[in-house]
Amino acid sequence: MVWMPMLILPILFTFVMPLLVGILFLSIPADSPEFADMMSDFGAMLMNAPLNDSFFASLTSDTLKLLYLVYLYMFAPFFLMIPIMTGSVVAADSFAGEKERKTLEALLHTPLSDFELYLAKWLSPLIAGVAVSLVSALLYAIVVNGIGLSAFGRLIFPNFAWIIMLIWLVPAVTGLSLGITVWVSSRVSTFLEAYQAGAFAVLPFVLLFVGQMAGVLYFDVIVTVILGAIIWLIDGFLFWIGGKGFSRGAILSRLS
Amino acid sequence: MDAIITEGLSKHFKENRAVNELSFTVQEGEVFGFLGHNGAGKTTTTRLLNGVLEPTNGGCTVLGFNPTTQGELLRQKTGILTETPALDERLNAVDNLTMFADLYGVPRADVKKRVLDMLGSFDLADRATEKVGGYSKGMKQRLAIARAFLHRPRLIFLDEPTSSLDPISSRGVHDMIRHISQDEGATVFLCTHNLTEAQRLCHRVAVLEKGRLVAIGTPSELGAQVGMALKYHLEVGESQIREAKSVLDGVAGVSELTIDGTVLRFSITKKDTIPDILAMLVNRGVRVYGIEAGESALEDIYFALHNAEVNHA
Ligand SMILES: Nc1ncnc2c1ncn2[C@@H]1O[C@H](COP(=O)(O)OP(=O)(O)O)[C@@H](O)[C@H]1O
Ligand SMILES: [Mg+2]
């Protein structure tokens, strides 16, 4: 049951939505009133985004331009929500959920040092978040290229910016969501509270999405690298802060 | 060598002196009973001894280690059954044990055999691949003890291993404890609030009350130390109650004599009185249908101790 959001979200973002969008775009003729409506709704904003993408520039049809923008740029923030959700679910489960299952005390009595216990608490959600993201990316690549190959005449996903995002930004963002979850779960007593707090980490990316829609921000390699570096720094800070209060004795006093 | 030495060991939670200046030793190979009511400080003591909590005052040496500074080394050589079994109910028995075998550094090559051996010797082999969530309480407890003993610790802490079990499951756990002590030679630190359990299983027993050690010794020493009465029920022929009563009235050391139908209940201070009583009854022609030892409760020890204190004052 805990794992449901981890599965629903990636399948929605990497399979259902791109598939529907692709079918919709390719089935609406570029000279129809429906297409004109869509362009006036949000297409124009995307078209005006100051992109430095030569393949995009070489595209001649408005339909393909719009589909390319949606696939390679608009879905990116959605993608970042996948590791956020996964990381916070697993972290909430391993910090607060353990408290509920009472398995934690047995772990405290093992030979693991305090630091090893803490590190293990970080690593498992981090690995889970990154793994789910990579699998999602694979699925996304199949859908996007499956729909787009004949239309674009080449594989469009992933491009260089996406690869950087997947290996640099995704782990950083996973760390951010679980850092917040760890910090919160040391202060709450149930899995649900911890999980809900972790999901707060999603908010910045919703804002980012809105910002991108307005053409303010866009994903290119430099932005991705800088954003990733900032988030890694915040991660390091959260790891350090969380580790300071992490000792066996401190955990025990919260158990009882 | 002594397995455990504590000197003035204390743990305070704010004003609450949960563990208050404990000084005792546990010899290697011993089954040591740690007897006390809820809140007496048993669990806190095991946490101090295993280096999971730091003492407020005093200290202890466990298997030659200082738990506060050498906890990781110490915990490689100890095992524990915590108060709640703390198993992962989503996993099966094999996976539960394998996970802890890894955490306790059992060599990879030995893990599989060791896990199957443990499941076999504690009667869990036929349900080894079932999810633990579906186990009975007794099975969970046996699995948790198997898990605590996986890495062949020299010292094992058992925190109230039978408190939530029915008599048959309890007996299974008692058999495990004997096996661990007699066949494997490990030292057992057994926390319990069940006096009878402590008397049956333990070489020595310490009695804890509100964080303080109030008595320590072998079960029989303890009985003598606190002047604790041994209770017996005697069943005789219906017409011979009066006769039997007059015999018992004449025996030194018999007290608290009451009659309940054809059963006489009484207390004595020394076990040796029983054969004498029986011989006298038979001499007087009383037909004895049965005699059995009544169970003493932890309250009896506390009661006896407090009486002794009052008498001293
Ligand atoms: N982490 C803790 N924080 C505050 N008080 C505690 C904590 N653990 C135990 N206590 C208190 O210490 C006393 C002894 O508890 P405990 O060792 O669990 O007793 P027992 O195991 O004999 O039932 C109790 O009064 C309990 O409320
Ligand atoms: Mg306890």
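How do α3(B) and α5(B) lie relative to each other, roughly parallel or roughly perpendicular? Keep that in mind as you load the model, which is a predicted one.

**Stop 1: chain A as a whole**

Select chain A and colour by secondary structure. You will find 12 helices and zero strands. Along the sequence the pattern reads α-α-α-α-α-α-α-α-α-α-α-α. Chain A exposes about 11400 Å². Carbon and sulfur atoms supply 75% of that area. Of the 256 residues in chain A, 53% are buried. Next, draw the contacts between residues at least 6 apart in sequence. In chain A, 81% of these join residues at least 24 apart.

**Stop 2: a cis bond in chain A**

Select A:F157 and A:P158. The peptide bond between A:F157 and A:P158 is cis, and its omega is near -5°. Most peptide bonds are trans. Look at the flanks too. A:P158 sits in the loop that links α7 (114-152) to α8 (160-185) of chain A.

**Stop 3: two helices in chain B**

Move to chain B. Select α3, residues 93-103, then α5, residues 137-149. A packed pair of helices is described by the angle between the axes and the distance between them. Here the axes come within 9 Å and cross at roughly 25°. Angles under 35 degrees count as roughly parallel. So α3(B) and α5(B) are roughly parallel to each other, which settles the opening question. The crossing of α3(B) past α5(B) is right-handed.

Show side chains at the contact. From α3(B), pick B:A93, B:N96, B:L97 and B:F100. They meet B:L143, B:A146 and B:R147 of α5(B). By class, the contact residues are five nonpolar, one polar and one charged.

**Stop 4**

Most residues other than glycine have a negative phi.

Start with B:R152. Is B:R152 buried or partly exposed? B:R152 counts as partly exposed because its relative accessibility is 49%, and exposed would need over 50%.

Finish at B:K210. This residue lies in the loop between β8 (204-209) and β9 (212-217) of chain B. B:K210 also has a positive phi of about 50° and is not a glycine. With a relative accessible area of 68%, B:K210 is exposed.

Conventions
Residues are numbered from 1 along each chain as its sequence is written. Chains are lettered from A and ligands numbered from 1 in the order in which they are written. This is a predicted model: local features need pLDDT of at least 70, side-chain atom pairs count only at pLDDT 80 or more; totals for chains, interfaces and linings use all residues. Side-chain values use heavy atoms; hydrogens and water are left out. Helices (H or I, at least four residues) and strands (E, at least two) are DSSP runs, numbered from the N terminus. Buried means under 20% relative accessible area, exposed over 50%, partly exposed in between (1.4 Å probe, protein chains only). Axes are lines fitted to C-alpha atoms, for helices over the stretch in contact, and angles run from 0 to 180 degrees between N-to-C directions. Angles under 35 degrees count as roughly parallel, over 145 as roughly antiparallel, 65 to 115 as roughly perpendicular and the rest as oblique. A crossing is left-handed if the near helix is turned anticlockwise from the far one by less than a right angle, and right-handed if clockwise. Contact means heavy atoms within 4.5 Å. Ala, Val, Leu, Ile, Met, Phe, Trp, Tyr, Cys and Pro count as nonpolar, Asp, Glu, Lys and Arg as charged, and the others, Gly among them, as polar. Accessible areas come from the Shrake-Rupley method with a 1.4 Å probe; for residues, only the protein chains shown count as cover.
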